[in-house]
Amino acid sequence: MEFFVEEAHKRNLEFHAWFNPYRITLKNNEKIPENHIAKKNPNWVIEYGGKYYYDPGNPKAREFTEDVIVDVVKNYNIDGVHMDDYFYPYPVLDKNKKVVPFGDTKSYKLYGKGMKLEDWRRKNTDTFVMELSKKIKKTKPYVKFGISPFGVWRNNDKDPTGSATRAGAENYDTLYADTRTWIQNEWIDYIVPQIYWDFNLKVAQYDILVNWWINEVKNSNVHLYIGHAAYKIGSNKAWRNENELIDQIKYNRNFENVHGSVFFGFDKIQKNSLNIKTNLKEKVYETQVLPPTSPWIDIIAPKPVTNIKAKIIKDGVLLTWDDPANNYADYYAIYRSTDKEFDEKNSKYLLTTVKRKYGLKYLDKNIEKNKTYYYKIAPVDRVHNQGEVKEKIILKK
């Protein structure tokens with residue numbers, strides 16, 4: 001973890017620690033080590049479909065899970081906690097294609113307090129999200145808490161306020177995860193619904209679901225990012241269209257409430273399957289941009305940098321600057337143009353970002369002779385509030 005955080009921060013990438021809250025094993029009949037906390041507390045554990053889970057209805061198991069996550073927040077310099085879509089497990093079917101009941105009868109009898117089983121399960125998940133949110137913010141207020149749920153809250157045949165879909169699984173009824181409640185109570189800073197379908201899949205159509213989630217986060221302090229199925233590239237007719245994913249990103253950009261995209265997984269992008277890596281760089285990610293601010297966490301920008309200097313050296317232009325030790329800049333945004341009156345708010349002028357930890361300097365190697373360059377440098381904090389920019393003119397090289 002320490003290595004991952006350090007390498008991410010060297011590149012000024014945020015590091016969000018990813019968790020499955022209740023899964024103990026991934027494979028069927030996987031052996032649990034004797035010194036595992038699940039072995040020491042067998043009453044916390046439920047076996048389901050050959051896999052082991054902590055019981056979400058057991059308060060001690062839930063508290064243990066929360067404390068493990070908070071321990072990571074406390075002891076590592078992470079920027080966020082990212083929760084996957086596994087709360088109560090996806091249903092397991094028997095040989096007759098009937099759903100195998102999840103074995104939480106004992107804890108339901110102990111803690112159900114007369115509630116319907118489904119409502120009690122949802123309450124358990126809500127309690128977990130609420131408690132964890134409070135613990136994260138108490139430990140480090142700037143650490144963002146986000147969840148990436150299954151892409152459908154409810155189909156509208158079950159609830160008229162649900163999406164116009166007919167998905168086989170639903171957060172509310174299948175996984176007992178009421179994402180609407182989390183958003184309305186602002187227990188999370190961002191949500192990443194896994195809209196892992198294409199524009200032509202009528203039972204769960206991409207654009208219909210994006211529109212539904214946009215409406216859910218409207219007027220809330222919860223950022224919406226869309227989860228895309230990069231792993232599906234090349235898998236069927238829809239995903240053999242090399243522009244499917246590109247068109248999804250372009251569709252998102254029609255709406256200011258969609259703040260960006262998250263891709264699962266990375267291997268197809270890394271291998272440039274169906275030119276996806278090339279298309280991402282050339283068609284939708286031509287320029288770098290700063291992440292959105294989180295004003296409900298903090299709105300105070302750091303103070304401007306001082307004493308900007310620029311020196312033409314053999315390898316390019318070396319920029320240096322000063323920043324008071326008590327300033328809370330986390331990194332610096334460096335803007336560049338050949339136009340003296342350029343507007344740094346236009347992302348096309350963002351040259352790079354530099355993490356404060358790694359020095360108050362930057363070497364711009366990508367320059368041309370007989371051009372005059374104008375630079376601006378702005379301090380930015382951990383939740384991306386940008387301070388006032390300061391300018392420096394570079395004469396012709």
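# Legends to the close-up views

**View 1. The buried residues of helix H1 pack against strand S12 (350-355).** Packing is judged here by contact, meaning heavy atoms within 4.5 Å, and helices (H or I, at least four residues) and strands (E, at least two) are DSSP runs numbered from the N terminus. The structure is a predicted model, in which local features need pLDDT of at least 70 and side-chain atom pairs count only at pLDDT 80 or more, whereas totals for chains, interfaces and linings use all residues. Residues are numbered from 1 along each chain as its sequence is written, and side-chain values use heavy atoms, with hydrogens and water left out. Within H1 (residues 2-10), Val5, Ala8 and His9 are buried, a term that stands for under 20% relative accessible area, with exposed for over 50% and partly exposed for what lies in between (1.4 Å probe, protein chains only). An α-helix has 3.6 residues a turn, so residues three or four places apart point the same way. Asn12, which follows H1, has a positive phi, near 55°.

**View 2. An open sheet is formed by 6 strands in the order S1-S4-S5-S6-S7-S8, with parallel pairing.** Strand S1 (16-19) and strand S8 (258-264) stand at the edges with a single partner strand each, so that one side of each is left without a neighbour in the sheet. Two strands are taken to pair if DSSP finds at least two bridges between them. S1 and strand S4 (residues 80-83) run parallel and are joined by 4 bridges, with Phe19 standing opposite Met83 in S4. Helix H8 (residues 206-217) lies across strand S6 (190-191), strand S7 (223-229) and S8, and runs at about 160° to S7; axes are lines fitted to C-alpha atoms, for helices over the stretch in contact, and angles run from 0 to 180 degrees between N-to-C directions.

**View 3. Ser148 lies in the loop between strand S5 (144-147) and helix H6 (171-175).** Ser148 is buried, its relative accessible area being 5%. When neighbours within four places in sequence are left aside, Ser148 is in contact with His82, Met83, Asp84, Asp85, Val192 and Gln194.

**View 4. Helix H3 (residues 59-75) and helix H5 (residues 117-139) pack at an angle of about 25°, their axes lying 10 Å apart.** The two helices, H3 and H5, are therefore roughly parallel to each other, on a scale where angles under 35 degrees count as roughly parallel, over 145 as roughly antiparallel, 65 to 115 as roughly perpendicular and the rest as oblique. H3 passes H5 in a right-handed crossing; a crossing is right-handed if the near helix is turned clockwise from the far one by less than a right angle, and left-handed if anticlockwise.

**View 5. A cis peptide bond joins Phe264 and Gly265, with omega at about -5°.** Gly265 has its place in the loop between S8 and helix H10 (267-270).

**View 6. Asn219 has a positive phi, near 65°, in a residue other than glycine.** The loop between H8 and S7 holds Asn219, which is exposed, with a relative accessible area of 80%. Asn307, although not a glycine, also has a positive phi, of about 55°. Asn307 is found in strand S9 (residues 306-313) and is partly exposed, with a relative accessible area of 42%.
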